[in-house]
Amino acid sequence: MDDYPRLEVDLTAKIAPAGEHWKELDALREQHRFFWNTYGSGYWVLTRYDDIKEASHQPDIFSNHSIVATDPEPAYRFLPSFLDPPQHVKYRRLLNGWFAPAAVQKIAPEITRHARETIEPLVAAGHTDFCSTFGDQYPVKVFLLSIGLDTSDADFFVSCVRRMSGAITGLEEDVAQMMAAWGEVAAYWTDKVADRHARPLDPNVDIVSHLCRGEVDGAPLPDADIIDLMVTLTLGSLDTLKSQLGWCFYHLAAHPDDRRRLIAEPELIPSAVEEFLRAYPIVPMARKVTRDIDFHGCPMRKGDMVMLTYPSATRDPREFPDADKVILDRFPNRHMAFGVSEHRCLGSHLARNEMQTAIREWHRLIPDYRLAGDEPPLAHHGQISLMSLPLAWD
């Protein structure tokens, strides 16, 4: 391993001004196709589009038994994320219909209503911290809608999201709050599963009732698996979308020409969302090596962790001309923001609709806005997310 690049790079805990994290990843990608990161317990980092795509399609070598590079032996589970074929697809089948394009289209009018009703109270104030208002509230409302729950518990989930997001500081007390919120989410779903066993609802509407009737390999789905699936859906649907929406509106606040173009040409919004996903990708993913392998000159050993840096791959100029520029009508745009292969994000269709709807409805009510404050917003490196986004308008 001594013959290969060895760097100590904080890819998880660093806080820096908005955009600096991608500049660092871009520089690393151009300097090193791969490297061994000595930070923490140590792990490989793949940086380029083709390599990451190839590794993502080889679950027999790059296993999902752990998906956090710094945690090779996790004491927790994310289902179905931690499963490899063939079990992974069996669990995905239980959920695919709930997040398919047809299911998203069915609830699209309600998504629009939630967006509009979340924006309307903000208009008169002339300013807001986007992340702690719209970013907190809108994804929660849509998540509950998508799984068949009303919004009566929305405040509970907003509270959990805020505490889980706060852990990005790395401070001990913030991490403790995050773990407490995680436990509260798990307890919420534990109670909900018990209630649905006793008083099932329509399984075509209520996802927990649906899962309580679910089977894998001819056996009923264990309650522990249902709870874990619901915790995974919760975490994946809320904080991640909040972060991605933050970058969309950060860009549009900082680039008024792009904002005015989307207002004048709303038909470009779907393409623009794909470009924001490509240019501002937030979620890396890790895999665990199942056997010794020489991967294009990278000497990986069984048990090594490998970070698939999607936030680097989807900005790779070898795949995307002018990769450092936002081109609203970019085509083709084969980004990796939702991952690739069978582990591609289950909620990608819902997330796209939420982002498109948010941009469309926000600009109907608040067409002209700007970044507020004298300093650029700060972002955290782990899931590249804004810590706040102050916006102002007249």
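A residue is called buried when its relative accessible area is under 20%, exposed when that area is over 50%, and partly exposed in between, with a 1.4 Å probe and protein chains only as cover. By this definition D136 is buried, and K242 is buried too. The structure is a predicted model, in which local features need pLDDT of at least 70 and side-chain atom pairs count only at pLDDT 80 or more, while totals for chains, interfaces and linings use all residues. Residues are numbered from 1 along each chain as its sequence is written, and side-chain values use heavy atoms, with hydrogens and water left out.

Helices (H or I, at least four residues) and strands (E, at least two) are DSSP runs, numbered from the N terminus. Two strands are taken to pair if DSSP finds at least two bridges between them. An open sheet is formed by six strands in the order β1-β3-β4-β12-β9-β5, with mixed pairing. Its edge strands, β1 (6-7) and β5 (62-63), each pair on one side only. Strands of a sheet pair through backbone hydrogen bonds, either parallel or antiparallel.

Within this sheet, strand β3 (residues 34-37) and strand β4 (residues 43-46) are joined by four bridges in the antiparallel sense. F34 stands opposite L46 in β4, and W44 in β4 is the bridge partner of W36. The two strands form a hairpin with five residues between them, and G40 in the turn has a positive phi of about 65 degrees. In a regular strand the side chains alternate between the two faces of the sheet. In β4, Y43 and V45 point one way and W44 and L46 the other way, and all are buried.

On its other pairing, β4 runs parallel to β12, and three bridges join them. L308 in β12 is the bridge partner of L46. Strand β12 (residues 305-308) also pairs with β9 in the antiparallel sense, over four bridges, and here L308 is the bridge partner of M285. Strand β9 (residues 285-289) has four of its five residues buried, so it is largely enclosed by the rest of the structure. The pairing of β9 with β5 is antiparallel, over two bridges, and S63 stands opposite K288 in β9.

The buried residues of α1 are H21, W22, L25, D26, L28 and R29. They cover an arc of only 165 degrees around the axis, taken from the directions from the helix axis to the C-beta atoms, which puts them on the same side of α1. The face turned away from this buried side carries the exposed residues K23 and Q31. An α-helix has 3.6 residues a turn, so residues three or four places apart point the same way.

A salt bridge is counted when a side-chain nitrogen of Lys or Arg lies within 4 Å of a carboxyl oxygen of Asp or Glu. By this rule the count comes to 29 salt bridges. One of them joins the side chains of R318 and E30 (3.0 Å, N to O). R318 lies in the loop between α13 (310-313) and α14 (348-365) and E30 in helix α1, so the pair links parts of the chain that are 288 residues apart. R318 is partly exposed, at 45% relative accessibility, and E30 is partly exposed at 38%. R318 also meets D316 in a salt bridge (2.7 Å, N to O), and D316 is buried, at 1% relative accessibility. Salt bridges that share partners join D26, R29, E30, R315, D316 and R318 into one network.

The buried residues D136 and K242 form a further salt bridge, their closest N and O atoms being 2.8 Å apart. D136 lies in helix α5 (residues 134-146) and K242 in helix α10 (residues 239-254), so the pair ties together parts that are 106 residues apart in sequence.

W189 is found in helix α7 (residues 172-198) and is buried, at 0% relative accessibility.
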